[in-house]
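Work through the exercises below with the model open beside you. Try each task before you read its solution.

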Amino acid sequence: MSDLIELTEAAAMQIKKMIKENGEEGAYFRFSINGGGCSGLSYGMSLDHERSKEDTFFEQHGIGVVIDEETAPIVAGTVIDFKQSLMGGGFTIDNPNALVSCGCGSSFRTAKVAGSPEEC
């Protein structure tokens, strides 16, 4: 199976740094979708040491990436990057499936999945 998402080199470097700083050697990068946020869905990123047979797993830039089967079609084609600025740094997520996004950029909905919007 081809990779569902793309981690840029900058994002992978930041994830490796987080793994080392948190003593999480051997952890996978789990990318997920949760209900909520202004637009109905929100992104989740975490370090995980476990994966199930329903998870999609692949490696990019030396990072093991895990995505559950419900999240996979919603995030297919997404690019995760890490940008550094004078105000600090943060991950950016470019999901071609997102039709509507909120101003903060962390909440969205797709044509097929609306989620459960919350008041901002």
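## Exercise 1: Strands side by side

Two bridges join strand β1 (residues 6-7) to β6, and these strands run parallel. This is a predicted model: local features need pLDDT of at least 70, side-chain atom pairs count only at pLDDT 80 or more, and totals for chains, interfaces and linings use all residues. Residues are numbered from 1 along each chain as its sequence is written, and side-chain values use heavy atoms, with hydrogens and water left out.

Task: find the order of the strands in the open sheet, and name its edge strands.

Solution. 

1. Strands (E, at least two residues) and helices (H or I, at least four) are DSSP runs, numbered from the N terminus. Two strands pair if DSSP finds at least two bridges between them.
2. In β6, E6 has V79 as its bridge partner.
3. Move on to β7 (residues 88-94). Seven bridges join β6 to β7, and these two run antiparallel. Q84 stands opposite G89 in β7. V79 stands opposite D94 in β7.
4. Look at the turn. A hairpin of two residues joins β6 to β7.
5. The three strands form an open sheet in the order β1-β6-β7, with mixed pairing. The edge strands are β1 and β7, since each pairs on one side only.

## Exercise 2: The whole chain

Task: how many helices and strands does the protein chain have, and in which order do the elements run?

Solution. 

1. Count. The protein chain has two helices and nine strands.
2. The order is β-α-β-β-β-β-α-β-β-β-β.
3. Check the burial. Of the 120 residues in the protein chain, 37% are buried. Buried means under 20% relative accessible area, exposed over 50%, and partly exposed in between (1.4 Å probe, protein chains only).
4. Check the contacts, which are heavy atoms within 4.5 Å. Among contacts with a separation of 6 or more, 57% are between residues 24 or more positions apart.

## Exercise 3: Aromatic rings

Task: which residues do ring pairs link into a cluster?

Solution. 

1. Recall the description. A pair of aromatic rings is described by the distance of the centres and the angle of the planes.
2. Apply the cut-offs. Rings of Phe, Tyr and Trp (its six-membered ring) pair if their centres lie within 6.5 Å; planes under 30 degrees apart count as stacked, over 60 as edge-to-face and the rest as tilted.
3. List the pairs. The structure holds four aromatic pairs. One of them is F29 with F31, stacked at 6.5 Å centre to centre and 10° between the planes.
4. Conclude. Ring pairs link F29, F31 and Y43 into a cluster.
5. F29 has a relative accessible area of 3%, so F29 is buried. F31 is buried because its value is 0%. Y43 counts as buried because its relative accessibility is 16%.

## Exercise 4: Buried or exposed?

Task: are M13 and D55 buried or exposed?

Solution. 

1. Take M13, in helix α1. M13 is exposed because its relative accessible area is 55%.
2. Take D55, in the loop between β3 and β4 (56-60). D55 is buried because its relative accessible area is 14%.
3. Look at the partners of D55. A polar contact of 2.8 Å joins the side chains of D55 and R30. Polar contacts are pairs of N or O atoms within 3.5 Å; within protein, one must be able to donate a hydrogen and the other to accept it, and residues adjacent in sequence count only if both atoms are side-chain atoms.
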